[in-house]
Amino acid sequence: MTASIRTALITGAGQGMGLGVAKRLAASDARVIINDIDPIRAEAAVREVADGGGDARSAVFDITNAEETVAAVEKLERDLGGIDILVNNAGNAGTHAVDQLSFRDMPIEHWQRYLGVNLYGVLHCTKAVLDGMCERRWGRIITISSEAGRVGLDINVSIYGVAKAGAAHLMRHLAREVGPDGVTANTVALGLMDNVPDEFAGPIIKTIPARRLGTPADVGSAVAFLASDEAEWITGQTLAVNGGSFAF
Ligand SMILES: NC(=O)c1ccc[n+]([C@@H]2O[C@H](COP(=O)([O-])OP(=O)(O)OC[C@H]3O[C@@H](n4cnc5c(N)ncnc54)[C@H](O)[C@@H]3O)[C@@H](O)[C@H]2O)c1
């Protein structure tokens, strides 16, 4: 990020990878907006970024709700003069605990937990910021996905994977649609990160070439690059940040 101070909206940034992204973008002089559905988490994250010298504020809204998202982004744009970088980070099962169930066992009523935040949330936030970015002729949309959206896995995450694959595919289409307007759209596909339970991570770590789990800082570095002016010729791509798992 070199040319001017950018404003970055990071969804689900109250903890985990999103907070890591917020800290890294703030360290690159972006003004960061920490979205989360949980106000206490959002405020704590704002304090953490500010304690590190960053410029941060919170925006509490539910990205699965289209009207709420559009209204919140309109207010942010009125108050701050435009969102330059959107990081679609909120994910997993949204406000629910992840229930790893096979496709056969997962009740249809649970599908929305995954589709709502990982697919519709991305659609809502992207729709809300895109016109402004195109009008200002500069923008970065970065969607945090997962290996589960790139490959078939036997860990009972099929609906989550479907949602992640859909969101990544939106980035590919958008790259074509809004490239001429100076907006890039990319995906970061994460491998196993350091906030998963030990009993789940334990047997998998030895299969990761880098022999460790990913960290919020790893995600922050990748996102900061894709958000930079230097990455202007990279769009429609998926960058795997996974310690070498699935090397393609
Ligand atoms: N943790 C991993 O191992 C892993 C692996 C691959 C991909 N990912 C992806 O990385 C991203 C970040 O994962 P994480 O593990 O850091 O997340 P997390 O679950 O620790 O945090 C997500 C945050 O999003 C917020 N949130 C949930 N629903 C929301 C909604 N509807 N509106 C606004 N905020 C909402 C939560 O309150 C929470 O603070 C997600 O997209 C996830 O799918 C994670």
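Q: Is Y160 buried or exposed?
A: Y160 is buried, with a relative accessible area of 14%, where buried means under 20%, exposed over 50% and partly exposed in between, using a 1.4 Å probe and protein chains only. This is a predicted model, in which local features need pLDDT of at least 70 and side-chain atom pairs count only at pLDDT 80 or more, while totals for chains, interfaces and linings use all residues. Residues are numbered from 1 along each chain as its sequence is written, and side-chain values use heavy atoms, with hydrogens and water left out.

Q: Which residue forms an aromatic pair with Y160?
A: Y114 does, in an edge-to-face pair with 6.5 Å centre to centre and 75° between the planes; rings of Phe, Tyr and Trp (its six-membered ring) pair if their centres lie within 6.5 Å, and planes under 30 degrees apart count as stacked, over 60 as edge-to-face and the rest as tilted. Y114 lies in helix α4 and Y160 in helix α5 (residues 158-178), so the pair ties together parts that are 46 residues apart in sequence, helices being DSSP runs of H or I with at least four residues, numbered from the N terminus.

Q: And Y114, buried or exposed?
A: Y114 counts as buried, at 3% relative accessibility.

Q: Switching topic, what sits over the ring of W138?
A: The charged end of R6 does, 3.5 Å from the ring centre; a charge sits over a ring if NZ of Lys or CZ of Arg is within 6 Å of the ring centre and within 35 degrees of the ring normal. R150, in turn, lies over the face of F248, at 4.2 Å from the ring centre.

Conventions. Helix = DSSP H or I, 4+ residues; strand = E, 2+ residues; numbered from the N terminus.
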